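Me: I would like to go through this structure with you. Please start with the terms.

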Amino acid sequence: MRRRVVDAAAEVLAGLSAEDVPVPLRRIAKFRPKARAREGGSVIAKQLDADAAFRARVGDRLREAEPELAEALERGERPEGADSVQVAAAAYLLRPGGWPAHVEAARAELVRAAEDARESQAVQEAATLRARLDEARAVHATETARLRGELKDAKAEVADLRRKLGEERRAAREAVERAAELDAERRAEREESLSAFGALERELKAVRAKLTSAEAALESHRKAAREGRSIEDVRLRLLLDTLVDAAQGVRRELNLPSVISRPADHVAGAVEAAGAAHGRSLAEPDAQLFQELLMAPRAHLIVDGYNVTKTGYGELPLADQRARLVSGLGGLYSQTHAEITAVFDGAQVEGHVAVQAPRGVRVLFSRPGQLADDLIADLVRAEPPGRVFVVVSSDQEVAASARRAGGRTATAGLLLKRLGRF
């Protein structure tokens, strides 16, 4: 009943003007429709209980949606076939005479339903246990028959093994006799090998003398090769220096810039041309992996600004949220030198906002009618294939889009932890 009452109140908040929204609920009224009841349920319920005027507004909306139910409650009747939870929620909001009785009736009906469900479940469990017992008995009978058959086979196998053991013993005696004969033959062969070893030793000495002579000749050839290689190294170094000087001359002749623009700068230029508020830029789930990604050459960190700030310090005003996040990103740039872009929803700011971004941090605001998620998608599409980029957002749609484009993602909590929030 509480959930239905809170859901109804969350829907009413969307249709109220800013002045009509109760002060404690003004921050919650800015949430997305699905997030109002989920994240602000306790505050909405407390306001409904304490604010009769707000409760009456929600009751009026219910009366418009279900006039028959409202009229029946005001007459002190309960519509036949009506959902007890819905009746209790309507009674709580409309507050007709005897409304607590409707709430108590709904509670009693739910308790009875739960008891009936538990009884039905117990009956089903008993039937299941009986079936398992019958199955176990059948398995036991089958297993007993199988073991008896195996025992019979084992006895036959033991008899066969005894027969084979007798044969192996006879074969062992014959093998011992054959080994004695072979030992005598080996001794005779050893004597012949000793005489041949002397001849081989003399031949080895002659080979060693030839090897010494060959090593001396090889060392002489190596020395000559080293002298020739030194000359080739000098020629190669001279050619390399010539190529470097020629390349520098071409660069001066073409007047090429020393620093090139980045893909995100072109996306930022498109936003400025549309007249969006923007900030000035002066320049794969694991904290260690996150650090390694940021330390990769030319890595790009794209941050969903308000998604991070509302996770870490949503109680601050938006300007303070932006300033705190951008300041922390400046410190992160000084440690990693990664390209950093912070994206904020331009619909949540009024007029042109000048953000003093620290060195290495680019701050972008979405243009009117565009979500920050769409601007992040533009930045992701602008990235060249093969470049390491990380999108920080706890929004599942944003993270999924980044992964499909070949990037890595991180949650807002991981970035806040890296910035020293936790």
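Reply: A charge sits over a ring if NZ of Lys or CZ of Arg is within 6 Å of the ring centre and within 35 degrees of the ring normal. The model is predicted: local features need pLDDT of at least 70, side-chain atom pairs count only at pLDDT 80 or more, and totals for chains, interfaces and linings use all residues. Residues are numbered from 1 along each chain as its sequence is written, and side-chain values use heavy atoms, with hydrogens and water left out.

Me: Which charged end sits over the ring of Tyr306?

Reply: That of Lys310, 5.8 Å from the ring centre.

Me: How many aromatic pairs are found in the whole structure?

Reply: The search finds 2. Rings of Phe, Tyr and Trp (its six-membered ring) pair if their centres lie within 6.5 Å; planes under 30 degrees apart count as stacked, over 60 as edge-to-face and the rest as tilted. Tyr306 and Phe344 form an edge-to-face pair, 5.1 Å centre to centre with 65 degrees between the planes.

Me: Where in the chain are Tyr306 and Phe344?

Reply: Tyr306 lies in helix 10 (residues 305-313) and Phe344 in strand 2 (residues 339-344), 38 residues apart, so the pair links distant parts of the chain. Helices (H or I, at least four residues) and strands (E, at least two) are DSSP runs, numbered from the N terminus.

Me: Why does Phe344 count as buried?

Reply: Its relative accessibility is 1%; buried means under 20% relative accessible area, exposed over 50%, and partly exposed in between (1.4 Å probe, protein chains only). Tyr306 also counts as buried, at 5%.

Me: Which residues form one aromatic cluster?

Reply: Tyr306, Phe344 and Phe365.
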